[in-house]
Amino acid sequence: MAASNTGDEDFDRKLTYCDREYQEHSLRYEIYQVPIDSEEETRLLEQHEMLKLIYSDWNNGLYAPIVGDPEVILDCGFGTGTWAYDMAEYDPNCMIADLNHRLDCAEAETFDLIHSRFVSSGISATRWPNYFRDMHRLLKRGGWVQITEWDLFFRSDSGNSDALQALNEWTRLYTQALGSSARPEGRKRSRVVQDCEAWMRMAGFVNVSTDVRDVPTCAWPQGAHSSSKSFCFHPTDKELGTTDAHNRSIGEANLTNMKGLIHSLALYPVTSRQIREIEGFHELIEAAYAELSDVGAKPYIRLHTTFGRKR
């Protein structure tokens, strides 16, 4: 691992590992073990545009109508800032804050909406209940939280799970790596979607619900989308008229996205903790790439957005 200084401050220093750039501080304290290089930035930007297609029934693809008309917003999953920039363009009258410090340092009852997206790789496994309590404290009465996360388990709509063995092995190794840190703050959860509703209710939220959308990982053949499911749309929203063309465009975008995601998320934790040697990891990734694009297996991944309102 070679270091390259980009400034005197600890937060500015980067490390290069297997040709990917990471924040040195985050790796040292096992806070965030995902690259921060241009390759990952491009993936996040393209993923954001894809999510706007998936949530085309929302307000500009950014937040659900149930939220109402928020005026003061906190964006917890700031990342590249694209969601916040798009939100400000969509509604120039709203005020958007991003939080780069602890939630428990912010002022209570400030926000109408707290938007949290893809933060699971940066939150320790034991932190989640308090994460929701902190968001509940920061919301005004009647305010909403909207939290979006991938369920990192790949499924086959044709029922051919044998065709996804490399992807299932990726999930197993990634989950094992996230739980193997010697530091409590370094242990993460790969599938937080299973408990988000329970954590919200424990924190005091009401009107808790989850919008689950099944997102293809490649462009399935015409007419291949299951008639019993509403891919990329919530199952109760079939009246929106989901089309093959819409889902195929999302599948094409998600193939690129998922190829980048499985490499970026797992490279450092899996190989640095010696769960798998680097050569073996890359062999697994190549096999997983092929499975992501297997139109016969019709692979997909679930995208969860959970909502809760402060009474």
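Residues are numbered from 1 along each chain as its sequence is written. In this predicted model, local features need pLDDT of at least 70, side-chain atom pairs count only at pLDDT 80 or more, and totals for chains, interfaces and linings use all residues; side-chain values use heavy atoms, without hydrogens and water.

Cys18 is not a glycine, yet its phi is positive, near 50°. Cys18 lies in the loop between β2 (14-17) and β3 (20-23). Helices (H or I, at least four residues) and strands (E, at least two) are DSSP runs, numbered from the N terminus. The relative accessibility of Cys18 is 29%, so Cys18 counts as partly exposed (buried is under 20% relative accessible area, exposed over 50%, partly exposed in between; 1.4 Å probe, protein chains only). Asn60 also has a positive phi, near 60°. Its loop runs between α2 (38-54) and β4 (72-75). Asn60 is partly exposed at 36%.

The axes of α7 (residues 244-272) and α8 (residues 278-292) come within 10 Å and cross at roughly 160°. Axes are lines fitted to C-alpha atoms over the stretch in contact, with angles from 0 to 180 degrees between N-to-C directions. The two helices are therefore roughly antiparallel (over 145 degrees; under 35 is roughly parallel, 65 to 115 roughly perpendicular, the rest oblique). The contact (heavy atoms within 4.5 Å) includes Leu255, Met258 and Ile262 of α7, and Phe281, Ile285 and Leu292 of α8. By class, 12 nonpolar, 3 polar and 1 charged residues form this contact (nonpolar: Ala, Val, Leu, Ile, Met, Phe, Trp, Tyr, Cys and Pro; charged: Asp, Glu, Lys and Arg; polar: the others, Gly among them).
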